[in-house]
Protein chains: 2
Amino acid sequence: MKKYCFGIDVGGTTIKCGLFTVEGVLLEKWEIKTRTKDNGANVLPDIAATVLAKMGEKGIEADSVSGIGIGVPGPVNENGCLPYAVNLHWGFKDIEGELGEMTGLSVKAANDANIAALGEMWKGGGAGSRNMILVTLGTGVGGGIIIDGKILPGYHGAAGEIGHAFVAPKIKDPCNCGNCGCLEQVASATGIARLAKEELENSDEDSLLRGKPDLDAKKVFDAVKEGDALAIRVAEEFGGYLGTALSIFAEVTDPQVIVIGGGVSKAGPIILDYIAKNYRKHAFPALRETDFELAILGNDAGIYGGAKMVADL
Amino acid sequence: MKKYCFGIDVGGTTIKCGLFTVEGVLLEKWEIKTRTKDNGANVLPDIAATVLAKMGEKGIEADSVSGIGIGVPGPVNENGCLPYAVNLHWGFKDIEGELGEMTGLSVKAANDANIAALGEMWKGGGAGSRNMILVTLGTGVGGGIIIDGKILPGYHGAAGEIGHAFVAPKIKDPCNCGNCGCLEQVASATGIARLAKEELENSDEDSLLRGKPDLDAKKVFDAVKEGDALAIRVAEEFGGYLGTALSIFAEVTDPQVIVIGGGVSKAGPIILDYIAKNYRKHAFPALRETDFELAILGNDAGIYGGAKMVADL
């Protein structure tokens, strides 16, 4: 039985690192810089160096480490290979093979949104479930699908790309993906700000949101809590898009729990009310009571999920 | 290594039975009646009797049979139990336990739409894939989700209930499930007939469909093949609803192939054109080239899938 494992979450500017027990206790976390120059040639060597240094510092022998689980911003196929990662300037990369060779440890790689989902299932908002959908409402809308306790990567490594579900025919400008009308355009932090701006432009109605610079999701939900009618309409529209989309996603995988994370979720349980109400309106009867939870691991979800990928090796 | 297995597909009026080799060769198929009286008390004993009789007839010993895989019309949980099956007048039923005891064989149970999906993955339109969505366009719209070569049952046994995705806000009369605007109401055989009737009522335009009694999906697609403009609009609307919904489903599980079955699929490859065109319009870029295939096992898909569930035991 191994005792320790590492969870690594590679972002475009920093790499989050965690040393865990295989039972999921986070012993120490730290960050290193993501050096993207030279087509990201330093990224994996830097990770290898920091992991080996941590083992040296703590006096941890290689044979007590179950492995390194790593999340990267791009689609990872079933063999742990990444065809491309725009933010890291990587082309094709055999992450598991290369990092394994550098460290002598077992390595498992997955997409970063997916390891966040696995982390929330292990020790977060989805703890106790083995079939879960995580929706991350940040600058964009990401997702991760957990089936039978494991990440569902999908045939093209694109399972859980639920932010790009076509839900809003009224949106005529393109999403980052090139399509128009994506869930991300109406349910992300920027999407909620967009809906609020539309509401403000379409009426002269008094509102706490009027004249506020830098409208964001937090300001919208703060106004909702104050009973602001216009903000409540924005929350309803957001909840309508996301709740309805989630009812469709649930008809595919029938999760035990739907976990809502990302910056927007910091508005608190009130956002679950608007999402769940609209979800239950359209969900198939057998799915109507599916549980909704807020994510609780925040930016640590990725390192938890990375650790979970290798905890049982 | 076992040599034989049985696939059983329980319907409301007949029970389809198949004797297979574990490699998936259908050696013999037959049907018995579904006796639903006495709350379906005879259903499992009748299946046990017909399986044991077939083994006797063929001189097959129990130790050369890997098991019985059975599909039933209702949600089956992870333990092979069925909370209810309206068509069979069953309440809670431990199918695997009861049928196993009656026959002395290993039994695996699943939902009938799901075993059809597994059959199509094994020897049908999805052969060669391990990650698939089957859509069955019949009187209703059913579905089955295959992940990593196995049926995804879902937490409530309701994974793949994609016929009840909310896609058509214009539909104000209730679906069989009680909701309004379900995919089933616009993409099933009856749904296509509904769309055609609407088109006929909303114009005086000449059409091959005008004045035809018993409009059905076949007549619509026959007229499409003749270049009938009104029928083509119906096909476009059908393809728009189904293709868009499939693009959303694919963003959840990222299948290698989407297989279209059921009575409507008998219209042939032309329906794939209308579905795939609309799918590709809205799919996330990485998912745009997902393969579309017609189901090929017809009514035998369920017995194939049943056999596959136990072929490797």
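**Close-up views of a two-chain predicted model**

**Figure 1. Contact between chain A and chain B****.** The contact takes 33 residues from chain A and 33 residues from chain B; two residues are in contact if their C-beta atoms, placed from the backbone, lie within 7 Å. On the side of chain A that touches chain B, the elements giving two or more residues are β9 and α8 (229-253) of chain A. Residues are numbered from 1 along each chain as its sequence is written, and chains are lettered from A and ligands numbered from 1 in the order in which they are written.

**Figure 2. Chain A as a whole****.** Chain A has 10 helices and 12 strands; helices (H or I, at least four residues) and strands (E, at least two) are DSSP runs, numbered from the N terminus. The C-alpha trace of chain A spans about 65 × 45 × 35 Å along its principal axes. A compact globule of 313 residues would have a radius of gyration near 20 Å, and the 20 Å of chain A agrees. The radius is taken over C-alpha atoms, and the globule rule is 2.2 Å times the number of residues to the power 0.38. Of the 313 residues of chain A, 56% count as buried. A residue is buried if 20 or more other C-beta atoms lie within 10 Å of its own, exposed if 12 or fewer, and partly exposed in between, with C-beta atoms placed from the backbone. Among the contacts in chain A with a separation of 6 or more, 63% are between residues 24 or more positions apart. The mean pLDDT (the predictor's confidence in each residue, from 0 to 100) of chain A is 94, and 100% of its residues reach 70 or more. The model scores ipTM 0.93 and pTM 0.94.

**Figure 3. The open sheet of chain A****.** In chain A, 5 strands form an open sheet in the order β10-β9-β8-β11-β12, with mixed pairing. Two strands pair if DSSP finds at least two bridges between them. The edge strands are β10 (150-151) and β12 (291-294) of chain A, each of which pairs on one side only. Strand β9 (residues 141-147) of chain A runs antiparallel to β10(A), and 2 bridges join them. Opposite A:Ile146 stands A:Ile151 in β10(A).

**Figure 4. Strand β9 of chain B and its partners****.** An open sheet in chain B has 5 strands in the order β10-β9-β8-β11-β12, with mixed pairing. At its edges stand β10 and β12 (291-294) of chain B, each with a single partner strand, so one side of each is left without a neighbour in the sheet. In strand β9 (residues 141-147) of chain B, 7 of the 7 residues are buried, so the strand is largely enclosed by the rest of the structure. B:Val141, B:Gly143, B:Ile145 and B:Ile147 point one way from β9(B), whereas B:Gly142, B:Gly144 and B:Ile146 point the other way. Strand β8 (residues 132-137) of chain B pairs with β9(B) in the antiparallel sense over 6 bridges, and 3 residues lie between the two strands of this hairpin. Within this pairing, B:Leu134 has B:Gly144 as its bridge partner, and B:Met132 has B:Ile146. On β10 (residues 150-151) of chain B, the antiparallel pairing with β9(B) has 2 bridges. B:Ile147 has B:Lys150 in β10(B) as its bridge partner. The hairpin of β9(B) and β10(B) has 2 residues between the strands, and B:Asp148 in the turn has a positive phi of about 50 degrees.

**Figure 5. Helix α7 in chain B****.** The buried residues of helix α7 (residues 217-225) of chain B are B:Ala217, B:Val220, B:Phe221, B:Ala223 and B:Val224. They cover an arc of only 155 degrees around the axis, which puts them on the same side of α7(B); the arc is that of the directions from the helix axis to the C-beta atoms. These buried residues pack against α6 (189-201), α8 (229-253) and α9 (269-282) of chain B. Just after α7(B), B:Gly227 takes a positive phi of about 85 degrees.

Conventions
This is a predicted model: local features need pLDDT of at least 70, side-chain atom pairs count only at pLDDT 80 or more; totals for chains, interfaces and linings use all residues.
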